[in-house]
Each structure stands twice: as structure tokens, then as C-alpha cells.
Amino acid sequence: MITSVIFFLFAGLAIACAISLVYHKNPLYSAISLVGVLISLACIYVTLAAPFIAAVQILIYAGAIMVLVVFVIMLLNLDEDKPVVNRLPHLYAIGGILGLVLLAQTFFIFYAVHRAPKQAVNTDETVGKTLSIGAGMYTEYLLPVEIVGILLLMSIVGAVILARRLEYPQLEIVVDNELERRNESEIKDEFRIRL
Amino acid sequence: MEAIIKSIFPIAVLFGAATVAFGVVMMIVAYTVLAERKVLGWIQGRIGPNRVGPWGMMQPFADLLKFIFKEDIVPDKSTKFVYFLAPIVAVTCALMPMVVYPFGPAITNIDLSFLPYGLGDGIKQIPLTVAQIDVGVLFVLGITSVGVYGIALAGWSSNNKYSLMGGLRSSAQLISYELAMGASIIGVVILAGTLDLNGIIYAQMSSPWYSRWFIIPQFVGFVVFLIAAFAETNRVPFDLPEAETELVAGFHTEYSALKFALFFMGEYVNMFTVSVMCATLFLGGWYVPGLSHLFPVGSLLYAVFSVVGFLIKISAFLFFYIWVRGTLPRFRFDQLMNFGWKFLLPVALANVIFTIILVYFLNS
């Protein structure tokens with residue numbers, strides 16, 4: 001009873017936040033809405049007896065990644081008064097088709113869950129507890145974990161390289177300015193000599 | 001009637017427990033503010049506040065009344081919704097970790113038969129924690145990391161360049177030091193084998209005498225955690241988000257009256273939270289060595305003295321905070337970033353690897 005009330009509360013909150021995420025034109029409001037979606041999902045995970053996933057969801061997505069996104073939005077300081085140009089109108093059609101696919105998927109999952117045989121809930125189940133997740137990650141699913149680790153390492157190296165490359169033009173600009181200033185001073189010197 | 005009372009009783013007990021915990025934490029926080037002013041006064045050769053009540057003991061309530069009756073100024077060009085949301089986020093995220101604080105050991109030998117309708121049946125123990133969560137450490141870290149939105153959004157929505165600078169600095173600082181903080185906790189988690197805060201305390205109780213408190217095998221982790229905790233709570237010497245010589249007051253420049261009080265309160269509750277974490281992870285939490293010889297484990301007196309011991313450990317950390325504030329100057333921002341990324345994080349990671357190797361060889 002209480003579980004279903006809590007589920008509908010947080011599911012409704014997640015959907016409302018998701019709609020506001022898409023609806024708002026201001027990117028910061030969208031980012032805050034996404035944080036709302038993530039936190040409501042974490043609350044649903046808690047009711048589904050997966051506290052580890054819930055805590056990690058809040059710690060990593062809401063606490064780290066979205067803070068970075070908000071940070072970038074605040075730094076960019078987008079102009080709110082500018083009218084939004086509708087650059088890609090044909091994307092509406094693609095978005096509509098993808099939405100229909102998503103809806104079909106949802107109905108398929110409902111259908112599959114409805115058809116699946118009913119199972120009694122095992123109260124001694126430790127799935128979702130930290131210990132079982134850790135044991136599973138380092139025994140049964142070791143290869144996927146390693147592959148994900150290597151992928152993340154690659155992306156970090158890529159990010160470092162991309163960030164490094166941006167520094168070179170800045171250095172050149174500094175050098176160019178310095179050269180120009182020297183040239184100007186030489187020209188002035190010439191003038192002075194002529195005068 | 002009986003059925004309704006029976007179904008409401010557990011919820012009412014939880015609600016009551018949360019209220020009691022809230023009251024205790026708020027009183028400690030209020031008197032931390034007073035203690036800070038007093039101790040800073042003594043450090044600087046002053047007396048400190050001594051007018052309201054005997055020895056100025058009623059000063060926190062006078063301050064609160066002043067905050068309530070001040071004029072609430074909202075800047076015209078601010079983003080109203082976010083401006084009002086920010087202090088709420090800050091204080092909510094500061095208060096939420098309260099539910100997993102391990103205040104004391106469970107009281108086991110207690111007779112609840114006096115309760116009507118047989119409400120006490122089947123209750124074997126009274127845990128002195130509001131909620132027993134399997135992942136208490138991650139919960140506290142996650143909620144405190146969400147708290148940065150309060151500061152960042154306050155800075156952005158005030159439409160003031162000093163506030164924005166404060167908000168940006170705060171976000172950058174929290175992202176940087178969160179990593180070192182998390183990495184310094186991993187050593188403790190490896191030694192304890194659990195993420196549950198009470199479980200970590202029990203692990204410390206059951207370890208051999210030379211590592212009875214995890215501060216001994218994890219001294220490096222303790223130092224890293226303490227430094228990162230100063231940065232996480234925006235305290236001196238890491239108080240760059242509100243550096244008054246550079247940024248007026250940082251992210252809360254445009255906040256007044258009760259909204260400012262909420263930020264102020266959130267900051268001190270955060271101080272309390274990291275003190276609780278420090279005491280629990282490294283100083284054995286409510287575990288007082290030798291107390292089990294004086295009182296039987298699980299009795300009421302054992303619990304009371306354990307709670308007192310826990311509060312003394314927390315107070316020691318709070319005093320340390322104030323002491324550092326009265327002693328150290330502020331970092332420069334590039335020094336802060338270099339220190340966090342190039343010194344604190346590598347040291348914390350080296351500590352993790354060293355702990356893993358140590359545990360591996362001790363267990364094999």
C-alpha cells in the first residue's frame with residue numbers, strides 16, 4: 001500500500017520533471033529538471049530494494065555529472081533575450097518516430113510483464129546489496145567491467161588530448177601579438193628617425 | 001481502532017525519532033555558532049558575546065530572532081524561482097544525512113510490555129539511528145554532493161557578478177575535493193568490509209587492539225579526509241566561495257534575513273555532518289574503550305555514555321574547525337586547485353593501493 005503510494009509519488013515527480021526538462025527553453029532550468037528526474041529515480045530504486053544503485057545514482061549523476069553541466073551552463077552565460085532559431089525542423093519527424101518506437105517498447109514491456117509467470121518475493125534476496133554487487137562485478141561480470149574500465153580510460157585520455165590541443169592557438173596568438181607590437185615599435189622608431 | 005494504531009505506530013516512532021534527532025542536531029549547531037564566536041574571541045584576545053543571558057548563552061536565540069525580523073530584500077533582476085529554491089536546496093541537503101547518523105548502540109535489554117495494545121511485542125531492540133541503510137557512507141557523500149546546487153544556483157540566480165564568481169568557485173572546489181574525500185574513505189571501507197556506518201563502528205570494535213580506532217591504520221586517509229572536509233564545508237582556509245576581501249560575501253551577497261539564515265545554518269550543519277563522519281570512520285564513533293566493563297552491553301546507561309562519548313568526539317572536531325579558522329590564512333585559488341588535484345588526490349589514491357596490498361597480505 002505505502003510502497004505503491006511512494007512509487008506513484010516519485011514516478012509522477014520523475015515524469016513531471018522530464019516534461020519540464022524538455023519544455024523549458026532556459027538550459028539551466030532543464031538541468032535542474034534533469035537533477036529532479038535523477039533524484040526521483042533514485043527514490044524509486046530505494047523502494048525496489050536497490051539502495052546501492054540509488055546512492056550511486058545520486059552520488060555520480062546528480063552530484064558530479066550534473067554539477068559539471070550546471071557549471072558549464074553558468075560559464076557560457078547564454079543570452080536569454082535572443083529569439084530561439086528553429087534550425088532543424090525535419091528533426092521533429094525523426095523525434096516523433098523515435099517517440100512512437102519508445103511507446104511501442106513500453107507497451108511491449110507491459111505485455112511481457114503481464115504474460116510472465118508470477119513469482120513469490122524472496123525476502124532473503126541479497127541482490128541489490130553492496131556485497132552481492134561487488135562479488136558479481138569481480139567474478140561473473142569481470143570482462144564487461146574491465147572493458148568499461150578501458151573505455152572510460154580511453155575517454156579520459158581523449159578529453160586530455162582535446163583540452164591540450166586548444167592551448168596551442170592561444171600560445172600562437174600571444175606570440176603574434178608580441179610580434180605585432182615589436183613591428184609597430186619598429187615602425188614608430190622609423191618615423192621618429194624620419195622626423 | 002487498534003489496527004489503525006498498530007499500523008501507524010512504526011511510522012509515528014520513526015517520525016518522533018527524526019524529530020528528536022533534528023532537535024539535538026539543531027541545538028548543537030546553534031551552540032556551535034556561539035562557541036565559534038567565543039573561541040575566536042579568546043584566540044584574538046577578546047571576550048566574545050556575553051550580553052544575552054548568563055555568559056551569552058542565549059545568543060543563538062537572539063540571533064535567530066534578529067534573522068526572522070530583518071527585512072527580506074529580493075533583487076529585482078534575479079531569477080525568482082531559482083533564487084528562492086537555492087537556500088531550500090542548501091538546507092535540505094545539509095539536514096538529510098541526519099537520518100543515518102549512528103548516535104549510539106542499540107538498547108537491547110528493555111521491557112516494552114507497558115505499551116497498550118501489545119505495541120511493544122516483537123521489538124527486541126531500540127537502535128539509536130533513525131534509518132539503518134546498507135550504504136550509509138555513500139548516502140552521506142551523495143546527499144552532501146547534491147548540496148553544491150544550493151550554492152551554485154544561489155550564485156547564478158542573484159544576477160550579481162560577485163555571487164556568480166562565488167558560485168563558480170564553490171562548484172569547482174567541491175568537484176575537486178569530493179574525489180579526494182571519497183578516495184580517503186575507501187581505505188576505511190576496505191578495512192571494515194561494509195558501507196554501513198554502524199557496521200564500520202562494529203568493525204572497529206572487533207579489530208585487534210593496535211587498530212581499535214581506524215585512525216591508526218588509516219592515518220594518511222584521516223589527514224586527507226580532514227583537509228577535504230574543510231574544503232567541502234567552505235571553511236577557512238578553503239573559504240574562497242565567500243572570500244569577503246575579494247567577493248563581498250560570495251554566493252550569498254544578495255541574500256538577506258531568513259534566506260541568509262538558511263545558508264548559514266546549512267553551513268554549520270554540514271560542519272556537524274563531516275565531524276560525525278570523521279568521528280565514525282576514524283575514531284570509533286560511539287565506541288568508548290573500556291565502557292563495556294563498567295555497564296552491561298545493551299543497557300540504557302551503556303547507550304547513554306556511548307552517546308556522550310560520541311558527542312565529545314564530535315565537539316573535539318568542531319573545536320578543531322574553529323581553532324583552524326582562528327589560525328590559518330586563506331589559500332589562493334590556483335593554490336587550492338593545485339593542492340587538491342596534484343597533492344591530495346594522489347596521496348589518497350596511494351593510500352587506497354597501500355591499504356589493498358596490506359589487507360591482501362594480512363588475510364592470506
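A nonpolar core, as the term is used here, is a set of buried Ala, Val, Leu, Ile, Met, Phe, Trp, Tyr and Cys residues joined through C-beta atoms within 7 Å. In this predicted model, the largest such core has 116 residues.

**The nonpolar core**

- Within the largest nonpolar core, the residues with the most contacts inside it are A:V35, A:I58, B:A90, B:V137, B:A180, B:A228 and B:C278.
- Helix α10 of chain B, residues 257–282, gives this core its largest share, with 14 residues.
- B:A228, one of the residues with the most contacts inside the core, is in contact with B:Y177, B:A180, B:M181, B:S184 and B:L344, once its neighbours within four places in sequence are left aside.
- Among those partners of B:A228 is B:A180, which is also listed with the residues that have the most contacts inside the core.

- Chain A contains seven helices and zero strands, and its elements follow the order α-α-α-α-α-α-α from the N terminus on.
- Of its 195 residues, 13% count as buried.
- If you look at the contacts in chain A with a separation of 6 or more, 54% of them come from residues 24 or more positions apart.
- Where the two chains meet, chain A contributes 19 residues and chain B contributes 20 residues.
- On the chain A side, α2 (27–47) and α3 (51–76) each supply at least two residues, and α3(A) has the largest share, 15 residues.
- That side of chain A is made up of 16 nonpolar, two polar and one charged residues.

**Helix α6 of chain B and its partners**

- α6(B), residues 161–192, packs with α13(B), residues 333–363, at an angle of about 15 degrees, and their axes are 9 Å apart.
- Angles under 35 degrees count as roughly parallel, so α6(B) is roughly parallel to α13(B).
- The crossing in which α6(B) passes α13(B) is left-handed, and the residues of this contact comprise 18 nonpolar, seven polar and one charged.
- α6(B) also packs with α7(B), residues 197–205, at an angle of about 65 degrees, again with axes 9 Å apart.
- The range from 65 to 115 degrees counts as roughly perpendicular, which makes α6(B) roughly perpendicular to α7(B).
- α6(B) passes α7(B) in a left-handed crossing, with B:V188, B:L191 and B:A192 of α6(B) meeting B:G199, B:I200 and B:A203 of α7(B).
- By class, the contact of α6(B) with α7(B) holds five nonpolar, one polar and no charged residues.

**Helices α1 and α10 of chain B**

- The axes of α1(B) and α10(B) lie 10 Å apart, and the two helices pack at an angle of about 105 degrees.
- α1(B) and α10(B) are therefore roughly perpendicular to each other.
- On the α1(B) side the contact is made by B:V25, B:I28, B:V29, B:T32 and B:V33, and on the α10(B) side by B:M265, B:Y268, B:V269, B:M271 and B:F272.
- This contact of α1(B) with α10(B) has nine nonpolar, one polar and no charged residues.

- B:W55 is not a glycine, but its phi is positive, near 55 degrees.
- B:W55 sits in the loop between α1 (2–43) and α2 (59–69) of chain B, and it is partly exposed, with 14 other C-beta atoms within 10 Å.
- B:A257, also not a glycine, has a positive phi of about 55 degrees.
- B:A257 belongs to helix α10 of chain B and counts as partly exposed, with 16 C-beta neighbours inside 10 Å.
- B:F305 is part of helix α12 of chain B, residues 300–325.
- With 18 C-beta neighbours inside 10 Å, B:F305 is partly exposed, because a residue needs 20 or more to be buried.
- Not counting residues up to four places away in sequence, B:F305 touches B:V288, B:L291 and B:F295.
- The C-alpha atoms of B:F305 and B:Y287 are separated by 9.5 Å, and the two residues are 18 residues apart along the chain.

Key. Residues numbered from 1 in each chain as written. Chains lettered and ligands numbered in written order. Predicted model: local features only at pLDDT ≥ 70, side-chain atom pairs only at ≥ 80, totals over all residues. Contact = placed C-beta atoms within 7 Å. Helix = DSSP H or I, 4+ residues; strand = E, 2+ residues; numbered from the N terminus. Nonpolar A, V, L, I, M, F, W, Y, C, P; charged D, E, K, R; others polar. Buried ≥ 20, exposed ≤ 12 C-beta atoms within 10 Å, placed from the backbone. Axes fitted to C-alpha atoms, helices over the stretch in contact; angles between N-to-C directions. Parallel < 35°, antiparallel > 145°, perpendicular 65-115°, else oblique. Left-handed = near helix turned anticlockwise from the far one by under 90°.
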